[in-house]
Each structure stands twice: as C-alpha cells, then as structure tokens.
Amino acid sequence: MPRARVHHRDADVIVIGAGAAGLAAANVLVESGLDVLVLEARNRIGGRIETAASPETGMPIELGAEFIHGTATPIRELAERYGLATIDVSGQRFEHTSRGLRVARDYSARLNRVLGRLDAHRSPDRSFADAMRANRGSIRAADRSLATRFVEGFDAADATQVSERWLAVAGWPGRDMRESRIGRMLDGYGALMRALARPLGALVRLGAGVSEIRWRPGRVEVAGAPARGRRRSWSARAVIVTVPLGVMQAAAGERGAIRFDPPAPALTRSLSSGIMGPVRRLTLRFAEPFWLEPAFARRLGAPPLERMTFLQSRRPLAFRVWWTTYPVYAPMLVAWSGGSRAGLLSGRPACELEQLAIDSLASMFRMTPARLATRLVRCYQHDWVADPFSRGAYSYARVGGARMSERLAQPVARTIWYAGEAADTIASTGTVHGAIASGQRAAREIIELIHS
Ligand SMILES: Cc1cc2nc3c(=O)[nH]c(=O)nc-3n(C[C@H](O)[C@H](O)[C@H](O)COP(=O)(O)OP(=O)(O)OC[C@H]3O[C@@H](n4cnc5c(N)ncnc54)[C@H](O)[C@@H]3O)c2cc1C
C-alpha cells in the first residue's frame with residue numbers, strides 16, 4: 001500500500017518582521033498553542049521602534065516612534081500587562097513667529113476647524129492641497145497653512161498627494177479629547193518591544209531576511225535572502241507579512257524586497273494605494289537644559305518655557321517642529337520634519353542635518369548657531385527613508401486609495417496575511433498601536449481558521 005505523503009512543516013505560522021505588528025501577532029499565536037517562527041531581516045527587534053540608551057541623562061532616546069497617540073488601547077493594555085509605566089504629555093504648545101516665541105493657545109481649535117471640513121465620502125476623491133484650494137474663500141490663509149503643516153508634519157504626507165477621504169477618517173485625532181491626548185512610555189518604546197519578544201525567545205530569528213514566498217492555498221515556503229552562498233527556507237500553513245509598505249513596494253531584487261510565487265495581484269493592487277511618508281527626526285542632547293532658565297525666556301521676551309511641550313515655527317526653517325521631554329526635565333530637544341520637506345532631507349549626511357537643526361533652533365532662540373553648538377553634547381538620528389528595511393517612516397493613502405488599510409488587511413487565499421501600521425483597520429495608520437492592533441487581528445483570524 002502506498003504510504004501517505006507527510007508534509008513536513010517548520011511551523012504552523014511564519015511571521016515576517018519583528019516590529020510591533022510581528023511581535024504582537026506572534027504572541028497571540030503562541031498563546032493559542034500554535035507553532036510560530038518570526039523571521040527578522042535586521043539584527044535587532046523593534047523595526048521602526050529603536051530606543052537608544054543615554055546613561056548620562058537616564059532618559060530613553062527614541063530614534064523612531066516616541067508618542068502614544070490618543071486612547072491607544074492596544075498599547076495601554078500591553079503596558080499594564082507588562083508593568084510598564086506610561087506618562088501623559090500635557091503642557092504648553094509654543095509657536096515661533098517673526099515676533100518671537102509665544103504660547104499657541106488656539107492651536108487645536110483652529111486645526112479642528114479646517115480638518116473638520118474634510119469630506120470622508122467625497123467623490124471623486126481629491127488631494128488635501130486641492131481641498132484647501134477649493135476652500136480658499138471660507139478658510140483663512142493662516143489656518144490653511146497651519147493645517148497643511150500639520151498634515152505634512154503629523155501624517156508625513158505630501159499635501160498634493162494625500163487623499164482627502166482618508167485624511168477625514170484616519171489622518172487626525174478629531175475633536176475627541178481622548179484621541180488628541182499624547183503620552184509616552186516612561187522607559188521608551190524599546191521596553192515594550194523587549195517585553196513582547198521575551199515570551200518568544202528563540203522563535204525570533206534575527207538576520208533572517210526573507211526574499212521569496214512560494215505558496216498555494218494552505219501552504220507557504222518562505223525563502224531567506226541568500227547569505228554566504230547559503231539559502232534557507234521554512235514552511236508553514238500560513239504567513240503574516242509585516243514588512244513596511246515601502247519595502248513591499250520595492251522592486252524585485254532590491255534589499256528587503258519579497259517576491260511572491262505565484263504573484264498575489266490583489267495584494268499588489270492594495271499596496272499601490274499607499275505611499276510611505278518621509279520623516280527626519282534628530283535628538284539634540286545639550287550639557288544643560290538652558291532654555292528652562294527664567295533669564296533665557298526673559299531675553300526672548302517669551303513667557304517661561306518650563307511647561308513647553310511642542311515648539312512650532314511659522315518661518316521657513318529646515319526644522320520647524322521641536323519638542324521637549326516635558327513633563328520630565330532633561331537636556332534634550334527633538335527636531336522633526338515630515339512630509340515633502342523631510343523627503344528633501346533624506347540621504348544628506350548626518351553632520352549636515354545636525355547643522356541644519358542647529359541653525360533652525362538658533363534662529364528660534366535668537367542665538368548664533370556657533371554659540372548654540374558649544375552647548376551641544378551629542379546628536380542622535382537615523383535615516384528611515386534610506387534604510388532598506390523601512391524605506392520611509394509611515395504610510396498614508398494616496399488620492400483614490402482611501403480604503404488602503406481595509407484592502408491590505410484582506411488575506412490572500414486564507415494563506416497570506418499582510419499586517420502592520422499600513423493595514424490597521426482602527427483608523428490609526430502610521431502608529432505603534434495601529435501596528436499592534438493589526439498584527440493581533442491577523443493572528444486571531446488565523447487561529448479562528450486553524451481551529452475551525
Ligand atoms: C521617525 C519615526 C517616528 C515615529 N513616531 C511615532 C510616534 O510618535 N507614535 C507612533 O505611534 N508611531 C510613530 N511612528 C510609526 C511607528 O514607528 C510605526 O507605525 C510602527 O512602529 C510600525 O510597526 P510595524 O510592525 O508595522 O513595522 P516595522 O516596525 O517596520 O516592522 C517591520 C519589520 O520587518 C522587518 N523586515 C523588513 N523587510 C524584511 C524582510 N524582507 N524579511 C524579514 N524582515 C523584514 C524590519 O526590519 C522590521 O523589523 C514613527 C515612525 C518613525 C520612523
């Protein structure tokens with residue numbers, strides 16, 4: 001009698017990527033008793049979360065994600081589970097105008113007035129820039145400009161490309177006070193990633209970049225990128241791919257790119273609804289938090305800066321958005337640029353960007369760049385656009401692509417799931433909690449399928 005063919009499998013489910021989505025997905029799968037393997041291209045976990053240690057200040061220094069945006073239930077639940085403290089950021093927002101620094105009191109109200117006008121059902125869809133142009137007569141120029149800076153800075157989106165319909169739903173916290181709340185993990189986001197990786201242990205394979213997924217319904221063969229002439233492959237019942245949208249869009253053969261055999265045209269179409277937005281952030285660590293001295297604010301003719309959270313400039317500086325570590329006091333300031341301006345900064349040498357950040361801050365603080373530079377101890381940064389395993393900071397939907405996330409979240413033949421911030425269906429694209437929620441959702445769908 002012929003013997004039944006036994007299909008060997010390395011795992012029930014393979015998860016590609018050990019960022020927030022991949023680690024969250026793997027935990028849910030392992031807790032349900034499934035065999036899991038997590039394949040990560042880099043030699044570290046966390047993906048777009050990378051927390052550098054600063055023993056000198058005792059503060060975490062984020063190179064990627066830093067804030068908890070809004071209620072962010074998936075994060076708050078995990079923080080409680082792992083005993084990680086979170087802290088709310090409520091202080092004063094400042095703005096820099098040609099007249100100096102002042103408290104920006106009406107910021108949210110003005111923003112809500114403009115973004116509240118966006119139409120989630122508009123047909124045909126149009127870009128945010130076109131929506132602003134059409135509303136020229138009814139929205140003040142200063143408010144349109146504030147909203148454009150927000151869309152570029154917060155959503156990392158090019159105003160001429162981002163979908164109005166998508167922005168109306170997913171691109172801003174809205175009028176809900178809880179959703180406009182901002183917080184941080186006290187020990188940095190890295191602590192959350194370590195807590196998620198701990199129960200997985202050796203199931204997470206680092207330096208295991210994937211370059212090909214051969215599949216048929218109910219079976220996948222995942223092949224690693226060739227390393228030292230060798231090529232490994234692993235098999236499973238299903239795969240959750242959590243690599244960033246920009247990496248999924250990379251041409252075959254490029255570092256990080258994954259080839260599907262046979263192709264998955266529905267997934268490829270959904271991927272084309274999104275764009276990976278660029279961001280450049282630098283953390284400047286100074287010898288002292290000199291801006292907190294009362295005499296410093298007095299010299300600027302500004303109110304005391306001790307409760308300053310964000311500082312935004314209306315002037316065309318390279319870095320127009322800054323923030324402090326408030327409510328914790330530390331000698332650090334973060335420079336931020338997102339959207340089309342940040343795209344222009346990508347690929348530039350680190351020292352050039354450091355100088356641009358110093359020039360921007362010096363202009364806001366009415367100091368010479370040389371004098372400001374003498375107070376600087378160290379600058380921390382990472383080029384997420386040039387990094388082959390991220391290829392940008394986070395995703396947004398292009399005109400006509402408002403349903404990007406729901407589409408990306410649709411599994412292919414109940415075998416290939418795509419998860420990660422771009423596929424989040426809780427209107428939190430581009431965030432850590434959106435990534436976590438999307439990984440957990442994909443994992444639960446697979447568990448249901450396997451156990452049904
Ligand atoms: C500068 C910056 C600031 C941000 N600020 C915030 C913030 O304040 N708040 C917030 O909520 N969000 C923020 N974000 C967004 C947030 O970091 C992301 O939404 C989230 O971390 C994405 O998680 P993910 O699991 O979807 O993707 P990732 O974290 O990118 O994980 C994907 C993983 O896949 C791996 N990978 C890639 N290619 C391959 C391959 N071929 N084979 C195997 N593995 C591969 C990558 O190395 C990576 O580890 C920020 C992002 C950046 C870059």
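Colleague: How do the residues of the shell around the ligand divide into nonpolar, polar and charged?

Modeller: Bear in mind that this is a predicted model. The shell splits into 24 nonpolar, 12 polar and 6 charged residues. Among the 42 residues around the ligand, the ones that come nearest are Glu40, Arg48, Phe67, Gly256 and Val432.

Colleague: How much of the ligand's accessible area does the protein cover?

Modeller: On its own the ligand has 1,000 Å² of accessible area, and the protein covers 99% of that. As for which elements give two or more residues to the shell, they are helix H1 (20-31), strand E5 (67-69), strand E17 (279-286) and helix H16 (432-451).

Colleague: H16 turns up in helix packing too. Why is H2 called roughly perpendicular to H16?

Modeller: Helix H2 (residues 73-82) packs against H16 at an angle of about 80°, and their axes are 7 Å apart. The label covers 65 to 115 degrees, so H2 is roughly perpendicular to H16. On the H2 side you have Pro74, Ile75 and Leu78, meeting Val432, His433, Ile436, Ala437 and Gln440 of H16. That contact has 6 nonpolar residues, 2 polar ones and no charged ones. Val432 is also one of the residues that come nearest to the ligand.

Colleague: And what makes H3 roughly perpendicular to H5?

Modeller: The axes of helix H3 (residues 107-115) and helix H5 (residues 141-154) cross at roughly 90° and come within 9 Å. That angle lies in the 65 to 115 range, so the label is roughly perpendicular again. H3 contributes Tyr107, Arg110, Leu111, Arg113, Val114 and Leu115, while H5 contributes Ala142, Asp143, Leu146, Ala147, Phe150 and Val151. By class, the residues of this contact are 9 nonpolar, no polar and 3 charged.

Colleague: On to the backbone. How do you know that the peptide bond between Ser123 and Pro124 is cis?

Modeller: Look at omega: for the bond joining Ser123 and Pro124 it is about 0°, and the bond is cis. Pro124 is in the loop between H3 and helix H4 (128-134). The bond from Tyr326 to Pro327 is cis too, with omega near 15°. You'll find Pro327 in the loop between strand E19 (321-323) and strand E20 (332-338).

Colleague: Why would Ala156 get a mention?

Modeller: Most residues other than glycine have a negative phi. Ala156 has phi near 55°, a positive value in a residue that isn't glycine. Its place is the loop between H5 and helix H6 (164-170).

Colleague: Last one: which residues is Ala287 in contact with, leaving aside its neighbours within four places in sequence?

Modeller: Pro331, Arg375 and Val377. Ala287 is in the loop between E17 and helix H11 (294-300). Its C-alpha atom is 8.9 Å from that of Met332, 45 residues apart along the chain.

Terms used: Residues numbered from 1 in each chain as written. Predicted model: local features only at pLDDT ≥ 70, side-chain atom pairs only at ≥ 80, totals over all residues. Heavy atoms only, no water. Near = heavy atom within 4 Å. Areas by Shrake-Rupley, 256 points an atom, 1.4 Å probe, with all protein chains shown as cover. Helix = DSSP H or I, 4+ residues; strand = E, 2+ residues; numbered from the N terminus. Nonpolar A, V, L, I, M, F, W, Y, C, P; charged D, E, K, R; others polar. Axes fitted to C-alpha atoms, helices over the stretch in contact; angles between N-to-C directions. Parallel < 35°, antiparallel > 145°, perpendicular 65-115°, else oblique. Contact = heavy atoms within 4.5 Å.
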